Amino acid sequence: MRLNDRAHSLEYPPSYYAATRNDDHRYPVLEGRVEADVCVIGGGFSGLSTALHLVQKGYKVALIEQCRVGWGASGRNGGQVIGGFGSQTQKAIDKQHGADVGQVFWEMGVECCDIVRDHVARFNIDCDLTWSYYDAAARPNELRDLEASMEDEIRRGYPHKQVLISTEETRQYVGTDRYIGGLTNEGWGHCHPLNLARGEAKALADLGGLIFEGSEAQSITYGTRPTVTTDKGQVTADFLVFCGNAYLGDLQPQLSWKVLPAGSYIIATEPLEEELAQKLLPTNAAVCDQRFVLDYYRMSADRRILFGGGTTYHGGHPKDIIARMRPKMLRVFPELENTKIDFAWGGNMAMTLSRSPHVGRLADNVYFTQGYSGHGLAPSHITGKIIAETIAGQAERFDVFSSLTHLPFPGGKYLRQPTLFIGMLYVKLRDELGI
Ligand SMILES: Cc1cc2nc3c(=O)[nH]c(=O)nc-3n(C[C@H](O)[C@H](O)[C@H](O)COP(=O)(O)OP(=O)(O)OC[C@H]3O[C@@H](n4cnc5c(N)ncnc54)[C@H](O)[C@@H]3O)c2cc1C
């Protein structure tokens, strides 16, 4: 099964999520001239969170999406609701700004999951949100790192329960012999991401936000009131926010220069018998292993294993996603040898060199958020919120984020993707060898 990732499509790429979306409401194509306070480009979680937070502050927002709401990574991902921005990013902030600002940054990493929780409750979004997560360790050093991370979280005041799991207890969480332990986290979990995105879009529209699908931002005139032009219309606004992430292309080279698209892939099995489902994931946790190029998986509400990973760095997608992903799933769950695969899909994540989200401004009235490096479902909810805060005049938290240094990938326009590919071959080899 090959992925058709053609932009400007008015249909979702086939996936388990597209097949089980709650409804198929369509938003109009932008036609004619629209005036707004803020124009948001991109209808993924970054754009939806930015827009939702702005409309709740009273701004008139126009969000334009080239395909459908949640068409990009937001509607195709593993559905893992994971907080934080990565330990390296946290260390960089602690070092650059000291402990107090470091703590503010850390709190944003907790708050991002709270925003998801709040949106689901407040806007009554049916997206199978479940709070159960398991970080799986395959090697003693990984287990030691998880323990250290738990202690750090406790020291900082993490409000949710975490439990370090020994080898003997592992099968109570994941039914495999692949791991020697892990760490549970009740503050992280999983959901149906496309239904979350579509639910947030509905909330945005209900609150008066304008959403346009099938409306690609093709050119921009910058100035005191930027104008975004699509093939049939224009939006002129006081502020512009770029949220196109890995799918933005060359519309704004200063942004695409700092991220590279990397593919990730998921297969969904047929629904499992209850007994087998219980054996494989007894606590219904979302699971990630600790490798750089990791496996991530979880159970859907209708008891399918959704197994993800297989990252590509060459800029294309594999010819056959099932052939790529099924052996990875069977290494963890050999019991699924005779289980049918019903869906296979993938999408592009935007990687930054530092693997930290890239948030900032290009001018006083032009903002952007991108580059979550494979971990953006919850983080994009807080970056959208802090951009909304900044537009409303509160830039403290934004300033912490935008202080992170982001270098372009080495190799220039034509060689940076091959350079990343070669670098990642080395990292994958280290993963396989456990070094
Ligand atoms: C297969 C896969 C699995 C993943 N699993 C997880 C996971 O389990 N947990 C996790 O935290 N993260 C995961 N991620 C990452 C996560 O999905 C992303 O970080 C997050 O969704 C980024 O949201 P976004 O809104 O910034 O980008 P996107 O969701 O990609 O949205 C960008 C949108 O902008 C639109 N756009 C681009 N250019 C234009 C334009 N010129 N005009 C109009 N619209 C435009 C695109 O069509 C797209 O809909 C995964 C990613 C992939 C691909």
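**Domain arrangement, ligand shell and local geometry**

The centres of domain 1 and domain 2, taken over C-alpha atoms, are separated by 24 Å. The model is predicted: local features need pLDDT of at least 70, side-chain atom pairs count only at pLDDT 80 or more, and totals for chains, interfaces and linings use all residues. Residue numbers start from 1 along each chain as its sequence is written. Domain 1 comprises 1-128 + 191-259 + 350-435, and domain 2 comprises 129-190 + 261-349. These bounds come from an automatic or database domain assignment.

Contact between the domains involves 41 residues of domain 1 and 42 residues of domain 2. Two residues are in contact here if their C-beta atoms, placed from the backbone, lie within 7 Å. On the domain 1 side, two or more residues come from each of helix 1 (16-19), strand 3 (80-81), helix 4 (99-122), strand 16 and helix 12 (412-433). Helices (H or I, at least four residues) and strands (E, at least two) are DSSP runs, numbered from the N terminus. Helix 12 gives the most to this side, with seven residues. By class, the domain 1 side has 23 nonpolar, twelve polar and six charged residues. Ala, Val, Leu, Ile, Met, Phe, Trp, Tyr, Cys and Pro count as nonpolar, Asp, Glu, Lys and Arg as charged, and the others, Gly among them, as polar.

The ligand lies between the two domains, because both domain 1 and domain 2 give residues to the shell around it. There are 45 residues around the ligand, and Gly42, Gly44, Gly72, Gly78 and Gly376 come nearest. A residue is near a molecule or strand if its C-beta atom, placed from the backbone, lies within 6 Å of it. Helix 2 (45-56), strand 12 (260-269) and strand 16 (341-351) are the elements that give two or more residues to the shell. Strand 16 gives the most, with four residues. The shell divides into 19 nonpolar, 23 polar and three charged residues.

Strand 12 is mostly covered, with ten of its ten residues buried. A residue is buried if 20 or more other C-beta atoms lie within 10 Å of its own, exposed if 12 or fewer, and partly exposed in between, with C-beta atoms placed from the backbone. In a regular strand the side chains alternate between the two faces of the sheet. In strand 12, Leu260, Ala262, Ser264, Ile266 and Ala268 point one way. Pro261, Gly263, Tyr265, Ile267 and Thr269 point the other way. Strand 12 pairs with strand 16 in the antiparallel sense over ten bridges. Two strands pair if DSSP finds at least two bridges between them. Strand 12 also runs antiparallel to strand 15 (residues 305-312), joined by five bridges. Ile266 stands opposite Trp345 in strand 16 and opposite Gly308 in strand 15.

Strand 13 (residues 286-289) also has two neighbours. Strand 4 (residues 133-137) pairs with strand 13 in the parallel sense over four bridges, and Ala136 stands opposite Asp289. Strand 14 (residues 296-299) runs antiparallel to strand 13, with two bridges between them. Here Cys288 stands opposite Tyr296. A hairpin of six residues joins strand 13 to strand 14. Ala286 and Cys288 point one way from strand 13, Val287 and Asp289 point the other way, and all are buried.

Helix 10 (residues 379-391) has 13 residues and reaches 19 Å from its first C-alpha to its last, close to the expected 18 Å. The expected span is 1.5 Å times one less than the number of residues. Twelve of the 13 residues are buried, so helix 10 is largely enclosed by the rest of the structure. The buried residues include Pro379, His381, Lys385 and Ile391. Gly393 follows helix 10 and has a positive phi, near 105 degrees.

Most residues other than glycine have a negative phi. Asn124 has a positive value, near 55 degrees. Asn124 lies in the loop between helix 4 and strand 4, and counts as exposed because it has 10 C-beta neighbours inside 10 Å. Phi of Arg303 is also positive, near 65 degrees. Arg303 is in the loop between strand 14 and strand 15, and is partly exposed, with 18 other C-beta atoms within 10 Å.

Asp364 is located in the loop between strand 17 (358-363) and strand 18 (366-370). Asp364 counts as exposed, with 8 C-beta neighbours inside 10 Å. Asp364 and Leu240 are 124 residues apart in sequence, yet 9.8 Å apart in space, C-alpha to C-alpha.
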